[in-house]
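User: I have a chain and a model open here, and I'd like to go through them with you. Could you keep the answers plain and spell out your cut-offs as we go?

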Amino acid sequence: MSIEIKNVSYIYAENTPFESIALQNINWEISEGSFWVILGKTGSGKTTLIQTLNGLLIPKEGKVIVDNIVIKDRKEDIKKIREKIGIVFQYPENQFFLPTVFEEIMYAPKNFNKNISKNELIKILRLVGLDESFLNRNPFSLSGGEMRKVAIASVLSYDPKYIIFDEPTVGLDYEGRKKIWDIIENLKKTGKTIIIVTHWIDELIKFKPNVLHIHNNEISYIGSFDDFILLGEDELKKKNITFSEKIKLYYCSLKNNIKLEKLFQY
Ligand SMILES: Nc1ncnc2c1ncn2[C@@H]1O[C@H](COP(=O)(O)OP(=O)(O)OP(=O)(O)O)[C@@H](O)[C@H]1O
Ligand SMILES: [Mg+2]
């Protein structure tokens, strides 16, 4: 099973003075159980791309096929696809609309007619590092890191196979970021397919995800994490990737075939 993206292009406000090309001819296959990072500078089309994966945006050109279901406008298909693909959005506070954390987390399973027991709910809360005392809180009263955790819990609540995180650590401090990466690591261990949109590849060395890099709304690199780093400083800078000290060290370790794995634990 997989998500296949075939020749997908996406244009906002087509045939109006505000027309803007967001994606051009994207071809990509996400097999079940794989781990991907989407990189690319601001405005390159990352969020647009992930929104085409679960039918939030439907491209006029090209096809998105999720576990053999082609995404079209058909409501029943889109519902099935949304149940398979969960997205934790860039700004979780924009997602919340219910008065308590409990209702937020229970909303999606109810919508998909999935029962979730108290024990399962507590297990999910623990996985994201929250406890029962949060259930009666108003989501808008939480800190940025706590909101992020509730947003993740409300996606885990309906157990999607594919989970997409759009900039999951942006705006969080070191501890907050570390907690999010721990959650993602645990999810990976449970066999979920994970796609992360981020600007900071330093934090990903430990995971070595496959890389999809978008430049000017087109794919400019698709392949392994190590081969991406081995493109070297000049090429990565051209791709708007910060060649930090940590990346430099990792690059040198790859070039010289020295194992420094322990250094790159987050
Ligand atoms: N609702 C919209 N209407 C019109 N144009 C849009 C809309 N959303 C995005 N765009 C345009 O589409 C292009 C891709 O935007 P997108 O949000 O996918 O980029 P991104 O890579 O996620 O950027 P960022 O890193 O800033 O989140 C940009 O040029 C953007 O201005
Ligand atoms: Mg974005």
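User: What separates the centres of domain 1 and domain 2?

Analyst: The centres, taken over C-alpha atoms, are separated by 27 Å. The assignment gives domain 1 as 2–223 and domain 2 as 231–259, and bounds of this kind come from an automatic or database domain assignment. This is a predicted model, in which local features need pLDDT of at least 70 and side-chain atom pairs count only at pLDDT 80 or more, while totals for chains, interfaces and linings use all residues. Residues are numbered from 1 along each chain as its sequence is written, and chains are lettered from A and ligands numbered from 1 in the order in which they are written.

User: How many residues of domain 1 are in contact with domain 2?

Analyst: Eight residues of domain 1 are in contact with seven residues of domain 2, where contact means that the two C-beta atoms, placed from the backbone, lie within 7 Å.

User: And which residues have the most contacts inside the largest nonpolar core?

Analyst: Those are I38, I152, A153 and I164, in a core of 58 residues. The core is a set of buried Ala, Val, Leu, Ile, Met, Phe, Trp, Tyr and Cys residues joined through C-beta atoms within 7 Å; buried means that 20 or more other C-beta atoms lie within 10 Å of the residue's own, exposed means 12 or fewer, and partly exposed is in between, with C-beta atoms placed from the backbone. Helix α5 (residues 144–156) brings the largest share of this core, seven residues. Domain 1 and domain 2 both give residues to the core, so it lies between them.

User: What does I164 touch?

Analyst: Leaving aside neighbours within four places in sequence, I164 is in contact with I50, L53, I85, G86, I87, V88 and I195.

User: Stepping back, how many helices and strands does the chain have?

Analyst: There are nine helices and ten strands, both being DSSP runs numbered from the N terminus, with helices as H or I of at least four residues and strands as E of at least two. The radius of gyration of the chain is 19 Å, close to the 18 Å that the globule rule gives for 266 residues, so the chain is as compact as a globular protein of that length; the radius is taken over C-alpha atoms, and the rule is 2.2 Å times the number of residues to the power 0.38. Buried residues make up 32% of the 266 residues.

User: Which strands stand at the edges of the four-stranded sheet?

Analyst: The open sheet has the order β2-β1-β4-β5, with antiparallel pairing. β2 (20–31) and β5 (69–70) stand at its edges, each with a single partner strand, so one side of each is left without a neighbour in the sheet. Strands count as paired if DSSP finds at least two bridges between them, and β1 (residues 2–12) and β2 pair over eight bridges, with E29 in β2 as the bridge partner of E4.

User: Is N15 buried or exposed?

Analyst: N15 is exposed, with 7 other C-beta atoms within 10 Å, and N15 lies in the loop between β1 and β2. Its phi is near 60°, a positive value in a residue other than glycine. Most residues other than glycine have a negative phi.

User: Where is K208, and what is its phi near?

Analyst: K208 is in the loop between β8 (193–197) and β9, and its phi is near 45°. K208 counts as partly exposed, with 17 C-beta neighbours inside 10 Å.

User: Last one, what does E167 touch?

Analyst: Not counting residues up to four places away in sequence, E167 touches Q90, V197 and T198. E167 lies in the loop between β7 (162–166) and α6 (174–189), and its C-alpha atom is separated by 7.6 Å from that of H199, 32 residues apart along the chain.
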